[in-house]
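This report describes a single protein chain for a reader who is new to structural analysis. Please keep the sequence and the structure in view while reading.

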Amino acid sequence: QVQLVESGGGSVQSGGSLRLSCVASGYTASRNCMAWFRQAPGKEREGVAAIYRRGGRPRYADSVKGRFTISLDNAKNTVYLQMNSLKPEDTGMYYCAAQSIPFEDDPFPFFRTFRGWGQGTQVTVSS
């Protein structure tokens, strides 16, 4: 079982920045990939960024490439999401997830079976 606690959300104006954090605890050793997802009101949850513990290039949704950066501190079991140049369409609840999946260009579909979603952290971007 893995427990995930997200933090760092808030309300910012368009063009602003936020840094999200997610601390993982429990049995995380076998989960080689950590990712951020978001869900806007009335929409399905979507993958935003993913990173593998053993390196390799991070994966990003096209909508956030060049603006968001995911990073991982293995020693602290913490994954971060630096979000710059925020837009109103980035508004939503942000969740992190940890899963054991193959190395894929698009890892997000492999999180469909993930069941340990945390409370999330709300990001609101005003125009």
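This is a predicted model: local features need pLDDT of at least 70, side-chain atom pairs count only at pLDDT 80 or more; totals for chains, interfaces and linings use all residues.

## A buried ring

F114 is buried, with a relative accessibility of 3%.

The ring of F114 pairs with that of W117: the centres are 5.0 Å apart and the planes stand at 85°, so the arrangement is edge-to-face. W117 itself has a relative accessibility of 26% and is therefore partly exposed.

## The aromatic cluster

A pair of aromatic rings is described by two quantities, the distance of the centres and the angle of the planes. The structure contains six aromatic pairs. One of them joins F37 and F108 edge-to-face, with 5.7 Å from centre to centre and 85° between the planes. F37 belongs to strand β4, residues 33-39, while F108 is found in the loop between β9 (92-99) and β10 (121-126). The pair therefore ties together parts of the chain that are 71 residues apart in sequence.

Are these two residues buried or exposed? F37 is buried, at a relative accessible area of 6%, and F108 is buried too, at 13%. Ring pairs also connect F37 and F108 with Y95, F111, F114 and W117 in a cluster.

## The fold as a whole

Which secondary structure elements does the chain have? There are ten strands and zero helices, and the pattern along the sequence is accordingly β-β-β-β-β-β-β-β-β-β. The radius of gyration is 14 Å, close to the 14 Å that the globule rule gives for 127 residues, so the chain is as compact as a globular protein of that length. Along the principal axes, the C-alpha atoms occupy a box of roughly 40 × 30 × 25 Å.

Contacts across the sequence complete this picture. Among contacts in the chain with a separation of 6 or more, 60% are between residues 24 or more positions apart.

## Interior, surface and charge

Of the 127 residues in the chain, 45% count as buried.

The chain carries 15 positive and 10 negative side chains. The centres of these two sets lie 5 Å apart.

How values were computed
Residues are numbered from 1 along each chain as its sequence is written. Side-chain values use heavy atoms; hydrogens and water are left out. Helices (H or I, at least four residues) and strands (E, at least two) are DSSP runs, numbered from the N terminus. The radius of gyration is taken over C-alpha atoms; the globule rule is 2.2 Å times the number of residues to the power 0.38. Buried means under 20% relative accessible area, exposed over 50%, partly exposed in between (1.4 Å probe, protein chains only). Contact means heavy atoms within 4.5 Å. Lys and Arg count as positive and Asp and Glu as negative; His and the chain ends are not counted. The place of a charge is taken as NZ of Lys, CZ of Arg, CG of Asp or CD of Glu. Rings of Phe, Tyr and Trp (its six-membered ring) pair if their centres lie within 6.5 Å; planes under 30 degrees apart count as stacked, over 60 as edge-to-face and the rest as tilted.
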